[in-house]
Amino acid sequence: MLHDADEYDYESPDAPTNAELEWWYAVQADQARAEVERTKPKPPPPALTNGHKVPIADEDILTPEDRIRAALLRGDAICDVPPPEPLMGGILSLDSVAVLYGRPGGGKSLLALDWALSIATGSQWNGNDIVTGNVLYALAEGVRGTGPRVKAWKAHNKFVGQIPDGVVWLPLAFDLREPAWVGGMASVAADIAPVIVVIDTLNRYAPGTDEGPADMGKVIFAADLIRRMTGACVLIVHHSGKDSTAGARGHSSLLGAVDTELELKSGEGILTLTITKQKDGAEGDTYRMAITAAADSVRAAWTGAHDRI
């Protein structure tokens, strides 16, 4: 067993070798560093947030344990967590993920565009009060037809002037299952600070997917990351399956994960919107709209029918 190096007679045959001395000094140095780290003042743990998310900028420097501690609530603090904040009446909420689905060519993009422009311009939508704010609209299909639809919307609503610059169009297709693209999209969205982000359509932003649980899990993660970084409503425009009575196409995990599910049916020039899921609100409300011609294009005009089934 080695003792303090000063105790040795280095002329003795029992004196430690140079290698043993180097090892001993290394051990002492490690112990000294460990003691310094042990006695170093530690920063206080993150304060309890009482329902407020840890700022994104801080998440990269927090350990998983820190983040869990920061999310803890005690006792009645859960009652202080704010309820969902409406974005558009009882249809869409801020800080949520929603899906609007229907058959291909059934008016989904027409309706999503109507919502986006109403939110951006402060126009009440079919009797529903809205929160006015910036819009990020990602459209990977129908880009050339969007301009005429915007003109039709302006003509029908007698909107004079230009659409606000707060409406940001993203006519680019990419894969929301790819981490680099998801991170880039979330970062850009955070800079724009929208109240709604429209993904039109899921089929174009998750190309080639079999829409099984693995693919849907990645899409859900992407939408939730964008929501967390913006506080916006992330609206995914999606197709119904071959059996239209079975809901949105793909794995049921999508329905389980979203806050709001909206079904759009079309027939004989009439669109019927039904709230089929509302995690924190009323379900079953329906709205009926007519597809009307305006300014060399079409738009959805409310018929005045609003029912609860």
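Hello everyone, and a word on the ground rules. Residues are numbered from 1 along each chain as its sequence is written, and side-chain values use heavy atoms, leaving out hydrogens and water. Because the model is predicted, local features need pLDDT of at least 70 and side-chain atom pairs count only at pLDDT 80 or more, while totals for chains, interfaces and linings use all residues.

Let's start with the helices, which are DSSP runs of H or I with at least four residues; strands are runs of E with at least two, and both are numbered from the N terminus. Helix α4, residues 108-121, packs against helix α5, residues 143-156, at an angle of about 55°, with the axes 11 Å apart. That makes α4 oblique to α5; angles under 35 degrees would be roughly parallel, over 145 roughly antiparallel, and 65 to 115 roughly perpendicular. Which residues make the contact, meaning heavy atoms within 4.5 Å? From α4 come Ser109, Leu110, Leu113, Asp114, Leu117, Ser118 and Thr121, and from α5 come Thr146, Arg149, Val150 and Trp153. Five of these are nonpolar, four polar and two charged.

Now please look at the second largest pocket. Its lining has 20 residues, and Lys108, Ser109, Leu110, Arg149 and Asp200 lie nearest its centre. Which element gives the most to this lining? Helix α4 does, with four residues. Helix α4, strand β4 (134-139) and helix α5 each supply at least two. Seven lining residues are nonpolar, nine polar and four charged.

Asp200 brings us to the backbone. A cis peptide bond, with omega of about 0°, joins Asp200 to Thr201, and Thr201 is in the loop between β6 (194-200) and α7 (202-205). Asn126, in the loop between α4 and β4, has a positive phi of about 50° although it is not a glycine. Most residues other than glycine have a negative phi, and most peptide bonds are trans.

How values were computed:
Axes are lines fitted to C-alpha atoms, for helices over the stretch in contact, and angles run from 0 to 180 degrees between N-to-C directions. Contact means heavy atoms within 4.5 Å. Ala, Val, Leu, Ile, Met, Phe, Trp, Tyr, Cys and Pro count as nonpolar, Asp, Glu, Lys and Arg as charged, and the others, Gly among them, as polar. On a 1 Å grid over the protein atoms alone, a cavity is a set of points where a 1.4 Å probe fits but cannot get out, and a pocket is an open set with protein on both sides within 12 Å along at least five of seven lines; lining residues have an atom within 4 Å of a point.
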